[in-house]
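Work through these exercises with the structure open beside you. Try each task before you read its solution.

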Amino acid sequence: MPKNQKDEVNKLFKAILTLKTQEECAAFFDDVCTIQEIEAIAQRFEVACQLSDGKSYIDINKNTGAGSLRLFTVKKCMKCSINAATVILSVCHNHTSVKT
């Protein structure tokens, strides 16, 4: 994301960082997103995790149902940020240990 992020985006990120449990996170996102938006974010996250693991586009499509446009978009976003792949890989491998 560009350095000139809007104040609203920074406020959102700070709010997300205050969430302590999976239940708080679910309640928060239920209030600010539609189920379709949450599912789209979840799919993008899973695509990023699988790309970080070196899986092929064909395997990712089979595993997630993501179309080629979504795969290319996520890959492009990951390439735009120097640290994106490292952060995504770290989060993907640690997301199963989230507090519930």
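**Exercise 1. Handedness of a helix pair**

Task: State in which hand H4 passes H5, then describe how the two helices pack and which residues meet.

Solution. The model is predicted.
- Step 1: H4 crosses H5 in a right-handed manner.
- Step 2: Find the geometry. The axes of H4 and helix H5 (residues 68-80) lie 10 Å apart, and the packing angle is about 115°.
- Step 3: List the partners. H4 contributes Tyr 57, Ile 60 and Asn 61. H5 answers with Leu 71, Phe 72 and Lys 75.
- Step 4: Sort them by class. The contact of H4 with H5 holds 4 nonpolar, 1 polar and 1 charged residues.

**Exercise 2. The overall layout**

Task: Describe the secondary structure of the chain, then say what percentage of its residues is buried.

Solution. 
- Step 1: Count the elements. There are 6 helices and 0 strands.
- Step 2: Read along the sequence. The pattern is α-α-α-α-α-α.
- Step 3: Turn to burial. Of the 100 residues in the chain, 18% are buried.
- Step 4: Residues 24 or more positions apart account for 42% of them.

**Exercise 3. H3 against H4**

Task: Describe the crossing of H3 and H4, beginning with the angle between their axes.

Solution. 
- Step 1: Locate the helices. H3 covers residues 35-52, and H4 covers residues 57-64.
- Step 2: Name the residues that make the contact. From H3 come Gln 43, Glu 46, Val 47, Gln 50 and Leu 51. From H4 come Tyr 57, Asp 59, Ile 60, Asn 63 and Thr 64.
- Step 3: Classify them. The contact of H3 with H4 divides into 4 nonpolar, 4 polar and 2 charged residues.

**Exercise 4. Thr 64**

Solution. 
- Step 1: Set aside residues up to four places away in sequence. Thr 64 then touches Gln 43, Glu 46, Val 47 and Gln 50.

**Exercise 5. The nonpolar core**

Task: List the residues of the largest nonpolar core and say which helix gives the largest share.

Solution. 
- Step 1: Collect the members. This core has 11 residues: Val 47, Ala 48, Cys 49, Leu 51, Ile 60, Ala 66, Leu 71, Val 74, Met 78, Ile 88 and Cys 92.
- Step 2: H3, H5 and helix H6 (84-94) each give two or more residues.
- Step 3: H3 supplies the largest, with 4 residues.
- Step 4: Look at one member, Val 47. Leaving aside neighbours within four places in sequence, Val 47 contacts Ile 60, Thr 64, Ala 66, Leu 71 and Val 74.

**Exercise 6. Buried or partly exposed?**

Task: Decide whether Cys 49 counts as buried or exposed. Then do likewise for Ala 42 and Leu 12.

Solution. 
- Step 1: Recall the cut-offs. Buried means under 20% relative accessible area, exposed means over 50%, and partly exposed lies in between.
- Step 2: Take Cys 49, in helix H3. Its relative accessibility is 4%, so Cys 49 counts as buried.
- Step 3: See what lies around Cys 49. Not counting residues up to four places away in sequence, Cys 49 touches Ile 88 and Cys 92. The C-alpha atoms of Cys 49 and Cys 92 are separated by 5.5 Å, although 43 residues apart along the chain.
- Step 4: Take Ala 42, also placed in helix H3. Its relative accessibility is 43%, so Ala 42 counts as partly exposed. The C-alpha atoms of Ala 42 and Thr 64 are 9.9 Å apart.
- Step 5: Take Leu 12, in helix H1 (residues 7-17). Its relative accessible area is 36%, so Leu 12 is partly exposed. Between the C-alpha atoms of Leu 12 and Val 32 the separation is 9.9 Å.

Terms used
Residues numbered from 1 in each chain as written. Predicted model: local features only at pLDDT ≥ 70, side-chain atom pairs only at ≥ 80, totals over all residues. Heavy atoms only, no water. Axes fitted to C-alpha atoms, helices over the stretch in contact; angles between N-to-C directions. Contact = heavy atoms within 4.5 Å. Nonpolar A, V, L, I, M, F, W, Y, C, P; charged D, E, K, R; others polar. Left-handed = near helix turned anticlockwise from the far one by under 90°. Core = buried A, V, L, I, M, F, W, Y, C linked by side-chain atoms within 4.5 Å. Buried < 20%, exposed > 50% of the residue type's maximum accessible area, 1.4 Å probe, protein only.
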